[in-house]
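Here is a brisk tour of one predicted model. Keep the sequence and the coordinates open while reading.

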Amino acid sequence: MPQAVCLVKYIGFALRYLFRNFIYIFAFALLPSYFLAMSIDVRSGELLIREFFSGDPQFEFPALFSLLSPLNPHGWPFALICVATILVCMPMLLGLIEKHMRLGLRTWKGIWGRFNWNFLTTLVLIVIFMVVYELWTLLTAGLIHAEAHLFNGPACSAVVGVTLIALIALACYFASFFLLWLPCMQINGYGFMEAFSYSNQLVAKQRTKVFLSVFLPVIVATLLVVGVAAACGVAGIYVPVYIIEELMILLLFLYFSSLMFVAYFDLTGEERLDEVRR
C-alpha cells in the first residue's frame with residue numbers, strides 16, 4: 001500500500017462503514033446535528049468572513065467567541081438541547097456499531113440495554129469535551145483578536161488563517177488521545193483512567209494515522225462551510241448555510257462514531273465480524 005494511502009486508511013475505513021450502513025445509523029445523528037447547527041451564530045460568521053476578505057480586517061473578540069462557541073447569546077438554548085439529544089442518541093449509536101463490528105449483528109434488538117451500559121461513559125466524555133472545547137474557543141478567539149491588533153492589511157488575514165488552521169490541528173491532535181477511550185471502556189469494561197491509559201497505548205502505535213483521520217475531515221468540512229457561507233453572504237441568504245452546516249455536522253458525528261471502532265479493532269487486531277459476514 002502506498003505510504004500516502006496508508007496514512008489515511010482509517011478515513012477510508014470509517015467512511016466505508018458510514019456509507020455502507022448509513023440507512024441504519026443516520027437517524028441517531030438527525031437531532032444532534034440539527035440543534036448544533038441552529039446554535040451556530042451565522043451572522044457573526046458572515047461578519048467575520050467579510051472582515052477576512054476586506055483587506056484590513058478587524059476581528060473583535062465577542063464576534064469570534066459567538067461564532068466558535070455554541071454557548072453564545074443566540075445559540076445556547078439550542079446547544080443545551082443538542083447535548084441532551086447526544087446523551088440519548090450517542091450511547092445507542094455506539095452500542096449498535098459495537099455490536100455490528102464485534103458480533104456481526106446489525107439489529108435494534110438490545111439497543112436499550114446498550115444505552116444503559118454506555119450512558120455514563122458517554123456523559124463523562126461529552127462533559128470533558130465541552131469544557132476543553134470552550135477553553136479552546138477562548139484561546140482561539142483571544143489569539144486571533146490580538147493578532148488583528150498586531151498586524152494590518154492582507155498580512156493580518158494571512159496570519160489569522162494560518163493561526164486558525166494550526167489551532168484546529170492542535171485541537172484535533174489532543175482529541176486523538178481520547179478517540180479510543182469510549183471503545184476501551186465499552187468493549188473491555190475498563191475504568192475511566194485504565195481505559196484512557198490503554199487507549200493511548202493503542203493510539204501511540206499509529207499516532208500520525210489517527211491524527212490525520214481526525215484532522216483532515218474536520219478541516220475539509222470547515223473549509224466547505226466557510227466557502228458556502230462566503231458565497232451566501234454575498235447573496236444575503238442564510239438557509240443554505242444552515243443546511244450545509246447541519247449536513248457536515250451529521251456526517252462528522254457519524255464519521256467519528258464509526259472511526260472510534262474502526263481504529264480500535266485495527267489497533268487491537270481483533271477481527272471485525274461485520275466484514276467477515278458481508
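## A covered helix

Helix H10, residues 181-188, is mostly covered, with 7 of its 8 residues buried. The buried residues are Trp-181, Leu-182, Pro-183, Cys-184, Met-185, Gln-186 and Ile-187. The cover over them includes H7, H8, H9, helix H11 (192-205) and H13.

Just after H10 comes Gly-189. Its phi is positive, at about 75 degrees.

## H8 against H9

Helix H8 spans residues 111-150, and helix H9 spans residues 153-178. They pack at an angle of about 160 degrees, and their axes lie 10 Å apart. H8 is therefore roughly antiparallel to H9, since angles over 145 degrees count as such. The crossing of H8 and H9 is right-handed.

Which residues of H8 and H9 make the contact? From H8 come Leu-125, Ile-128, Trp-136, Leu-139, Thr-140, Leu-143, Ile-144, Glu-147 and Ala-148. From H9 come Cys-156, Val-159, Val-160, Thr-163, Leu-164, Leu-167, Ile-168, Ala-171 and Phe-178.

## H7 against H13

Helix H13 covers residues 239-268. The axes of H7 and H13 come within 10 Å and cross at roughly 40 degrees. H7 passes H13 in a right-handed crossing.

On the H7 side, the meeting residues are Ile-86, Met-90, Leu-93, Leu-94, Ile-97, Glu-98, Met-101 and Arg-102. On the H13 side, they are Phe-253, Leu-254, Ser-257, Ser-258, Met-260, Phe-261, Val-262 and Phe-265.

Leu-96 sits in helix H7. Is Leu-96 buried or exposed? Its relative accessible area is 4%, so Leu-96 is buried. Beyond its neighbours within four places in sequence, Leu-96 is in contact with Tyr-24, Ile-25, Phe-28, Thr-107 and Ile-111. Leu-96 and Lys-109 are 13 residues apart in sequence. Their C-alpha atoms are 9.2 Å apart in space.

Asn-118 belongs to helix H8. Asn-118 has a relative accessible area of 0%, which means that it is buried. Residues up to four places away in sequence aside, Asn-118 touches Pro-91, Leu-94, Gly-95 and Gln-186. Gln-186 is one of the buried residues of H10.

The buried residues of H6 are Ala-63, Leu-64, Ser-66 and Leu-68. What covers them includes helix H5 (42-52) and H8.

Ser-69 lies in the loop between helix H6 (61-68) and helix H7 (76-103). With a relative accessibility of 1%, Ser-69 counts as buried. What does the side chain of Ser-69 make a polar contact with? The partner is the side chain of Glu-134, at 2.9 Å. Leaving aside neighbours within four places in sequence, Ser-69 is in contact with Tyr-133, Glu-134 and Thr-137.

## A partly exposed leucine

Leu-138 is placed in helix H8. At 44% relative accessibility, Leu-138 counts as partly exposed, because the buried class stops under 20% and the exposed class begins over 50%. Leu-138 touches Phe-61 and Phe-65, with residues up to four places away in sequence not counted.

Leu-138 and Gly-161 are 23 residues apart in sequence. In space, C-alpha to C-alpha, Leu-138 and Gly-161 are 17 Å apart.

How many disulfides does the count come to? The count comes to 0 disulfides. The cut-off for a disulfide is two cysteine sulfur atoms within 2.5 Å.

Take Cys-82: the closest cysteine sulfur to its own is in Cys-89, at 9.6 Å, so the pair is too far apart for a bond. Seen from Cys-89, the closest cysteine sulfur is that of Cys-82, again 9.6 Å away and too far for a bond. Cys-82 is buried, with a relative accessible area of 4%. Cys-89 is buried as well, with a relative accessible area of 10%.

Key:
Residues are numbered from 1 along each chain as its sequence is written. This is a predicted model: local features need pLDDT of at least 70, side-chain atom pairs count only at pLDDT 80 or more; totals for chains, interfaces and linings use all residues. Side-chain values use heavy atoms; hydrogens and water are left out. Buried means under 20% relative accessible area, exposed over 50%, partly exposed in between (1.4 Å probe, protein chains only). Helices (H or I, at least four residues) and strands (E, at least two) are DSSP runs, numbered from the N terminus. A polar contact is a pair of N or O atoms within 3.5 Å; within protein, one must be able to donate a hydrogen and the other to accept it, and residues adjacent in sequence count only if both atoms are side-chain atoms. Contact means heavy atoms within 4.5 Å. Axes are lines fitted to C-alpha atoms, for helices over the stretch in contact, and angles run from 0 to 180 degrees between N-to-C directions. Angles under 35 degrees count as roughly parallel, over 145 as roughly antiparallel, 65 to 115 as roughly perpendicular and the rest as oblique. A crossing is left-handed if the near helix is turned anticlockwise from the far one by less than a right angle, and right-handed if clockwise.
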